[in-house]
Amino acid sequence: MSKLDYQTDLVPAGLPQEPLTFEQHVLAVLPALREALESAFRLLDVQCDAPQDLARRLRLDKSLSWKVARIAREPDPFAAIAHLPGPEGLDILQQALGRSDLPEPVVQRVIDCRAAFEALVTLHAGDRGTLEVMAGQFARDRQRHLLQMESHRRWSYRGNSATWGVSARMQLSAQFVLPSATPGRLDLAVAAGLFDFRRLRPDVTWAVSQVRRYQDNDNPLSAEKFEAVDPDYGDVGRVPLLPEFCSSPLPPLRIVRSTGGLIRFELAEGEVGNTAAMTTVLAWTYRGLVPRYLSDVDKVGQHFVTLSTPAEAVVHEVWVHRDVAVHLPPRSGLFNLLPAGPLFKGGYAAGGELPLPCEVEPVGRLSEAAMTDLPQHARIVQRVMDRLQQPADAFTGYRLRLKYPPIPTMLMLAYDLENPPA
């Protein structure tokens with residue numbers, strides 16, 4: 001076969017001459033690599049959206065040809081990084097192009113662009129995995145990147161389980177807000193649980209839930225005056241269990257109080273593994289706990305769940321009574337709780353918010369809130385509503401569901417408070 005025509009405007013891609021930021025460097029290198037591949041495929045008379053033709057023409061396996069074709073047609077340079085083959089795959093592609101009847105300058109341009117890319121990896125990231133994480137922060141399709149991060153969070157979950165010596169299948173937080181008998185105040189209720197919790201080490205103690213209160217100005221408030229949903233566990237000093245939803249025998253729990261008004265409902269040490277796995281569900285209410293209306297120190301209603309347990313999933317819900325006229329649907333946030341990092345303050349600390357790869361789901365009524373992976377959920381929520389002496393159809397629910405939640409963090413649902421009546 002005769003040599004294909006060569007477009008003389010193709011020039012080798014080299015490294016940028018001036019120091020560039022990571023973003024600038026990607027925008028200089030990845031489009032050049034894409035153009036080099038597009039030019040080679042055009043001269044081979046192969047379409048970028050036809051990986052089968054590319055595999056046949058260059059004798060590549062289907063997986064590699066799919067990745068290469070995806071690079072050539074991906075308009076977003078940062079998203080293209082996730083599709084780039086590894087070094088061995090690029091070696092195979094480079095050798096296949098060298099065996100073809102492409103003009104040598106065309107092949108050399110691909111080689112030069114690859115060298116520029118490898119230099120980018122070494123300079124800014126050190127390895128391809130780190131580069132993909134960095135690039136994802138600049139990708140145009142932000143939601144797709146956040147979903148791809150689930151695999152990284154899964155590995156974190158496994159590592160945290162080994163480090164801390166515990167794991168759970170699911171963490172649940174369901175919170176309820178309704179008008180109070182105390183004028184200008186709101187009643188709150190909470191149901192919290194760890195499902196299929198197990199220890200990997202016998203000496204581990206662990207908080208099922210913790211309670212704290214803050215004003216918008218970050219002043220801590222007392223969280224002591226709670227009432228157990230189950231009256232059999234309403235004595236002072238008892239953990240507010242919902243025993244019908246807990247494993248048997250009942251998990252060994254205690255209350256631990258610390259500075260700043262923090263209360264921990266803590267599991268004691270115990271046996272390890274699946275045979276000692278347990279489920280713990282707590283529920284309590286507060287009467288007249290928080291202000292109903294907007295004021296100088298309270299502008300936002302915030303419902304938090306602290307994420308400190310390595311869990312496969314967390315579900316965080318807020319159920320708002322129809323007579324509470326706050327601004328819905330609630331907004332959401334995920335906040336860093338690392339002591340050495342930017343701490344949560346009022347929900348909006350600059351630098352403290354983390355990417356949240358899920359959106360608030362409007363659940364509607366309780367009859368529409370079924371969860372196949374947590375069949376007891378509806379009965380738990382109903383139990384709390386019964387204690388509040390409210391019908392289920394008086395509440396509207398909103399839900400956040402996050403797989404392999406990062407720890408330690410705080411997950412938030414929040415809404416603006418209404419103005420006081422004139």
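Over which ring does the charged end of Arg 158 sit?

## A charge over a ring

The charged end of Arg 158 sits over the ring of Trp 155, at 4.8 Å from its centre; a charge counts as sitting over a ring if NZ of Lys or CZ of Arg is within 6 Å of the ring centre and within 35 degrees of the ring normal. This is a predicted model, in which local features need pLDDT of at least 70 and side-chain atom pairs count only at pLDDT 80 or more, while totals for chains, interfaces and linings use all residues. Residues are numbered from 1 along each chain as its sequence is written, and side-chain values use heavy atoms, with hydrogens and water left out.

## Aromatic pairs

The structure holds nine aromatic pairs, where rings of Phe, Tyr and Trp (its six-membered ring) pair if their centres lie within 6.5 Å, and planes under 30 degrees apart count as stacked, over 60 as edge-to-face and the rest as tilted. The rings of Tyr 157 and Tyr 404 have centres 5.5 Å apart and planes at 50°, so this pair is tilted. Both Tyr 157 and Tyr 404 are buried, a term that means under 20% relative accessible area, with exposed over 50% and partly exposed in between (1.4 Å probe, protein chains only).

For Phe 176 and Phe 395, the ring centres lie 6.2 Å apart and the planes stand at 90°, so the pair is edge-to-face. Phe 176 counts as buried because its relative accessibility is 0%, and Phe 395 counts as buried at 0% relative accessibility.

## An aromatic cluster

One aromatic cluster is formed by Phe 226, Phe 265, Trp 284 and Tyr 286.
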